[in-house]
Amino acid sequence: MLRLCALLLLPPLAVLADTAVEVLTPRFRVVTRMSAETALQAADHLERAYASLQALGVRPPVFGYEPIPVLLVPDQERLETLFPSAIAIHGSARGFFLTGGDRDYIILAWDPPETARAALAHEYVHWLFRDQSRPLWHREGLAEYLSRSIPLNDGASFGAPVPVFLQELQNEDWIPLPRLLAANHQAEMVSRPTFYAQCWLIVHRHAAIVGAGEAWRYENLERRLSSEDLADWEARLRAHFEDLLSQPPPPTTAGFETLDRASFAMRPLAEWEWPVHVADVRRVFSPPPSGATKRETSGPASTALDREDFTSEPRAWEMAEAELRRLEDAYPERPEPSEILGALQMDRYDYADAERTLARAVANGSSNPRTHHRYALLLLRPVEGKQDAQRRRAALALQHADQALTRQPGEPSYLLTRAQALGLLGEWAAAADGLAGLALHPEWRERADKEFEVLALRRRQHAMSVPQPRIDPAEPGLEPGFLKTEPPLLARPLPVVRKETWPPPGTVLLYGHIVKVECGAGEKLVTVKTPRWNMRLRERADAPAALHDAPKGWRSLPCDARGWEVNVVYRPIRDDRSVRGELVAVVF
């Protein structure tokens, strides 16, 4: 049985009845002003949701280094009083998942309690599958399907019909499938009774075909949708619905060992902790200043919180700033209010104020790696003054980047900041080693290459600034200047790390799925959707890509190859902005 050392001995629940509490599990931090028993129930629901999905084989990428913060409030009214009315939490929304640049939150109104388990699991599924490029119907249908599991003593079952959805599909008009598939959170149909029921039905039918453990793979469902007529699809959905009414298929059972509640760590919160959490959520809500990139959020069964909705006063960030300044004054020895206030000021480009605020946080003993990293970034800003001052700031930035990495080893953004600080200090070899470590993360390889070029340029500029000895003009083959005495550039380029001979040298291996294949004279342009971006690759007719484990009969990529989940191997091209590289191989 998995155990977690308690922060404190569990106090009697009655002692905690009138105070804010925190329940900490291996993956979640539940914070509430409700009863301790409610916090324990929520933590238990979330850990069971995690265990059931793991047992089902649903293992998407892991994000973050700390437990997910979960804020619970008693009801919808209390939820709306915590946050500005401009957030526009409609009456049907019971909670939401909110993703920020550095921290995510799940916020839930615990009313009615009998549906709280499914609502928490719904938001956890949104947290797992945070890819906003997936269409809304798939995100919500998947969250409904996976969150409607039936708990068992030693596991959970998936795929059982949901009575409320069956009733809505029986009694209400269905949304036409083309409109449903094109819906976004602002669409009127999202508030219709059958919207979530139809989304659930699409995923349920897909799971009945491919298995519950594979239902989360959108690429497979997208391929099925693209290969069938929508009218046929709707007819098959209605036939599946009728089967659920008359002869529902047996559910899929996933067994797992439950986590004992006694392993949860529970403690009462200090007076300042709840308002700090609320202020941090408001910070994440805050719209960026004009011209900045908007962050998206994902809603529950549910409403998404669109950051463009912030039009009335007081705005979320103003409320957060006022509360954090009050907490700084009331608790000057605590680093947490300064940590959040400094992050808010950075979000709003108030860099000078943010540096002073985060300096207070680290002086008060902050152990938050994000705080040390933010402070390091601010110290690396160009400042007016002598070069010695910039070096002192870079040395201090290096210390705080190291502290961040001590608490969160291997975080790519921290590795990058550390390498930049080393470069400013003239530690060329150490900076190159740091960028080599960054390049081991495939999604950061391109950034590492660019930073390496900047580092090499700074190295050359530094060499040019060093006084050079006089060179005899009569010496053949030399030009006047620094070339003769220039120290060698960086000892080596970024290493290409391979544990095996595949992919071929000079190529990149990347996972994604094929969006489209454009066939032209003498070449094909293949658009591949990766977890981070879309890229275009060229396949020349005189150098076709090798196909591995391709569908029977394929000797080359057909022009209608769309939706396939693949690994692609390509050779990068740097002088052609229209394509990322030459396609070398496709592994199906």
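1. Two strands are taken as paired if DSSP finds at least two bridges between them. Helices (H or I, at least four residues) and strands (E, at least two) are DSSP runs, numbered from the N terminus. On that basis, a hairpin joins strand 1 to strand 2 through 3 residues. Strand 1 (residues 21-24) and strand 2 run antiparallel and are joined by 4 bridges. Glu-22 has Val-31 in strand 2 as its bridge partner.

2. Basis of the note. This is a predicted model, in which local features need pLDDT of at least 70 and side-chain atom pairs count only at pLDDT 80 or more, while totals for chains, interfaces and linings use all residues. Residues are numbered from 1 along each chain as its sequence is written, and side-chain values use heavy atoms, with hydrogens and water left out.

3. Overall content. The chain has 18 helices and 15 strands. Of its 588 residues, 49% count as buried, where buried means under 20% relative accessible area, exposed means over 50%, and partly exposed lies in between (1.4 Å probe, protein chains only). Contact means heavy atoms within 4.5 Å. Among contacts between residues at least 6 apart in sequence, 65% join residues at least 24 apart.

4. An open sheet is formed by 6 strands in the order 4-5-3-2-1-9, with mixed pairing. Strand 4 (95-99) and strand 9 (265-268) are the edge strands, each pairing on one side only. From one strand to the next, the twist averages 15°. Axes are lines fitted to C-alpha atoms, for helices over the stretch in contact, and angles run from 0 to 180 degrees between N-to-C directions.

5. Parallel neighbours in the sheet. Strand 2 and strand 3 run parallel and are joined by 5 bridges. Val-31 has Leu-71 as its bridge partner in strand 3. Strand 3 (residues 68-73) also runs parallel to strand 5 (residues 104-109), with 4 bridges between them. Val-73 stands opposite Ala-109 in strand 5.

6. Burial of strand 2. How many residues of strand 2 are buried? The count is 5 of its 5 residues. Both faces are covered: Phe-28, Val-30 and Thr-32 are buried on one side, and Arg-29 and Val-31 on the other.

7. Helices on the sheet. Helix 10 (residues 273-285) lies across strand 2, strand 3, strand 4, strand 5 and strand 9, and runs at about 105° to strand 3. Which strands does helix 3 touch? Helix 3 (residues 116-128) packs on the sheet against strand 2 (28-32), strand 3, strand 4 and strand 5, and its direction makes about 160° with that of strand 5.

8. His-122. This residue is found in helix 3 and is buried, with a relative accessible area of 2%. Its side chain makes a polar contact with the side chain of His-126 at 3.0 Å. A polar contact is a pair of N or O atoms within 3.5 Å; within protein, one must be able to donate a hydrogen and the other to accept it, and residues adjacent in sequence count only if both atoms are side-chain atoms.

9. Aromatic pairs. The structure holds 8 aromatic pairs. Rings of Phe, Tyr and Trp (its six-membered ring) pair if their centres lie within 6.5 Å; planes under 30 degrees apart count as stacked, over 60 as edge-to-face and the rest as tilted. Phe-165 and Trp-200 form a tilted pair, at 5.4 Å centre to centre with 45° between the planes. Phe-165 lies in helix 5 (residues 163-171) and Trp-200 in helix 7 (residues 194-210), so the pair ties together parts that are 35 residues apart in sequence. Both Phe-165 and Trp-200 are buried. Ring pairs also link Phe-28, Tyr-124 and Trp-127 into a cluster.

10. Charges over rings. Arg-238 lies over the face of Trp-174, at 4.0 Å from the ring centre. Arg-348 lies over the face of Trp-317, at 4.0 Å from the ring centre. The criterion is NZ of Lys or CZ of Arg within 6 Å of the ring centre and within 35 degrees of the ring normal.

11. Backbone points to check. Most residues other than glycine have a negative phi, and most peptide bonds are trans. Asp-111 and Pro-112 are joined by a cis peptide bond, with omega about 0°. Pro-112 is found in the loop between strand 5 and helix 3. Tyr-349 has a positive phi, near 65°. Tyr-349 lies in the loop between helix 12 (336-347) and helix 13 (351-363), and is partly exposed, with a relative accessible area of 43%.
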